[in-house]
Each structure stands twice: as C-alpha cells, then as structure tokens.
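This briefing covers selected local features, from backbone geometry to helix packing. Please consult it alongside the sequence and the model.

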Amino acid sequence: MTRFVDQAIPYPAAKDYGSRSKWPTLAVVWHMGEGKNVAQYLSRDPLRGVSVHYTVEQETDHWQDGEVVRCLPEDRISGSINPRTIRRGDDPDGYYGASHAKAALGSWWPETSPNCLVISVEVAGFAKDGPTEAQQRSMVALWDELKARYSKVIPLGHRDWQEVKACPGRTAGMKAAFAAMGGHGASYSEVRDVSTRDYASGRICTARDGSKLFDYPGGLSIGTVDPPRERDYLGVDRSGEYALVSSELDGKRRTAWVRAKAVSDIRTAPFPSLDCTDAVAAERERIATAVLAVIRD
Ligand SMILES: [Zn+2]
C-alpha cells in the first residue's frame, strides 16, 4: 500500500498554522471540498485561510480518482475548523454533532482549538454527492495508515464541529466510508463485529448477477458477482441483511459479503466434498488482521 507520509509534497502551500507537536492527535476530521482540484485550490491562499493535511482528489486533468495528496506535514496545525463557532448540540437524528467531537477530544473539548488536535482531510467533490468508490477506498487506506500511527484517533466530520454547512454530508458513500473505518464519532469501534453464527458447511446458494460484493456488512463495495453465480453459502450477519459467500477477487479465492436479498435458493451442496471450513477460517484471519474485526459465532 502507498505510504502517504513518504510521498513528496507536490503542493506544499496549504496554510501552515505552526507546530502541532505539543498536542495529542485525537481525531481525523473529514470534509467535502465543494469542488475538484482541491489541493491546487488550497495552495492559492483561499478565503478564510482554510488548510488541510491531505486531500483525496477526484478525476480531473491533473488527478486520478481517489488520489491522495499530502498538503501539509502532519505535525503542523491545519485550519479546517473555525474554533470560534464550535457547536454545542447535536443534529436531531444524532448522526453529527458536539457529542461526537467530545467523544474524540475528551477534556480538550471545547476550549482547545480542535485544529491543534486533529489531522484534517478534504475530499474532492460535493457534500450532496459524497465520495466516489475510488475515493472511499483511498479514504479508508489513509485512515488505516493514520490509525496505525495515532492510536487514539477516531473519525469525525466537519459537521461535528459546525452546523453552518452540510460538510461532509450524509450520502451513502460517506456513511460507507465511515462504516469501513469502524464507525463515525461516538459510534466508532475498533472491533468491527460480524458474525458467521449461521455458518453451516456444505451449503450453496445462487447469487444475483451483478450484485455488489462488500468487504464486510455495511462496508465498501469491492466488486460484483460474475458467473459462476453458484457460491458457497456461509451464513448471514447479525442484522440478517448481508450474507457471506465464497468469491474470487483478483484471482484469489476468499469470502465476501453480498446483500442477503441478492442470494436465493440456499441448498445442500450436491457434492459431499464441498466444505467451507477453510473459507471461514480465512475470513476470520483476513478480517482479524486487515480491519481489526472479530467474527463471533
Ligand atoms: Zn468542511
């Protein structure tokens, strides 16, 4: 995987508000840029002195979809949150709001400027549209890298700090990215809890052509079901919304989740030799190491 921190800084000009080394790093704050070529925009001393550590670009003449650009070293203070207008309440549905910011910052909230305590990321595109799938994958890759270096961080959105803007929005794409990071704000968990409790070896199902495959329930789409549609059937997650099936991705056999409604005709495998024990063991291993999750029986 790209180690973003090792990249040269192509746009070193995002505004630098000084050293952050006195403060702990407690959150990664996500924004939607309301435009494209965000790194270039930020390099031109934009209005209100906005700056971030990273951008996740969309496709333009200059960038590939999902390209991550480092604009400011992580030990410098960015300016992505106005410390003078910190909100004190939550949205009516509770998805964004002060309680999430507080969950991340603890006793640092609300007196210390959050800019001293966070890594900030501007995602190109619009809050009403959300990130593309390539951007979602880059967001999670960047998150995994930051989490490895700053063990206390949790994911936040701009709207946890300010209610003047929708940023970063409530699209399915943004929510999927948060879910793939382990959850947003106060609902963040390092343990991504999925279940194969209904697992029974020797069953197969038919998966609908073209239905999406997911990394785990509610997570990122990692491909689609191509023929053969007949798959080993390993069970459903605890919500019953997703089913775990065998799959082949990038030439490797592994398991993946599909929407349970895309699965039909669950039946005993016609061949007695069919056994998914290895696939389940591999899934446990993959999730335990790759995304810090456990599978509970
Ligand atoms: Zn924002």
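The model is a predicted one, in which local features need pLDDT of at least 70, side-chain atom pairs count only at pLDDT 80 or more, and totals for chains, interfaces and linings use all residues. Residues are numbered from 1 along each chain as its sequence is written. Helices (H or I, at least four residues) and strands (E, at least two) are DSSP runs, numbered from the N terminus.

**Cis peptide bonds and positive phi**

- Tryptophan 109 and proline 110 are also joined by a cis peptide bond, with omega about -5 degrees.
- Proline 110 is located in the loop between helix 2 (98-105) and strand 4 (118-123).
- Most residues other than glycine have a negative phi, and most peptide bonds are trans.
- Glutamate 34, in the loop between strand 1 (27-32) and helix 1 (38-43), has a positive phi near 55 degrees.
- Glutamate 34 has 16 other C-beta atoms within 10 Å and is therefore partly exposed (buried means 20 or more other C-beta atoms within 10 Å of the residue's own, exposed 12 or fewer, and partly exposed in between, with C-beta atoms placed from the backbone).
- Asparagine 37 is in the loop between strand 1 and helix 1, and its phi is positive, near 50 degrees.
- Asparagine 37 counts as partly exposed because it has 19 C-beta neighbours inside 10 Å.

**Packing of helix 3 and helix 4**

- Helix 3 (residues 133-149) and helix 4 (residues 172-181) pack at an angle of about 30 degrees, and their axes are 9 Å apart; axes are lines fitted to C-alpha atoms, for helices over the stretch in contact, and angles run from 0 to 180 degrees between N-to-C directions.
- The two helices are therefore roughly parallel to each other (angles under 35 degrees count as roughly parallel, over 145 as roughly antiparallel, 65 to 115 as roughly perpendicular and the rest as oblique).
- Helix 3 contributes Gln136, Met139, Val140 and Trp143 to the contact, and helix 4 contributes Gly173, Ala176, Ala177, Ala180 and Met181; residues are in contact if their C-beta atoms, placed from the backbone, lie within 7 Å.

**Valine 140**

- Valine 140, found in helix 3, is buried because 22 other C-beta atoms lie within 10 Å.
- Not counting residues up to four places away in sequence, valine 140 touches Ala177, Ala180, Met181 and Leu220.

Terms used
Contact = placed C-beta atoms within 7 Å.
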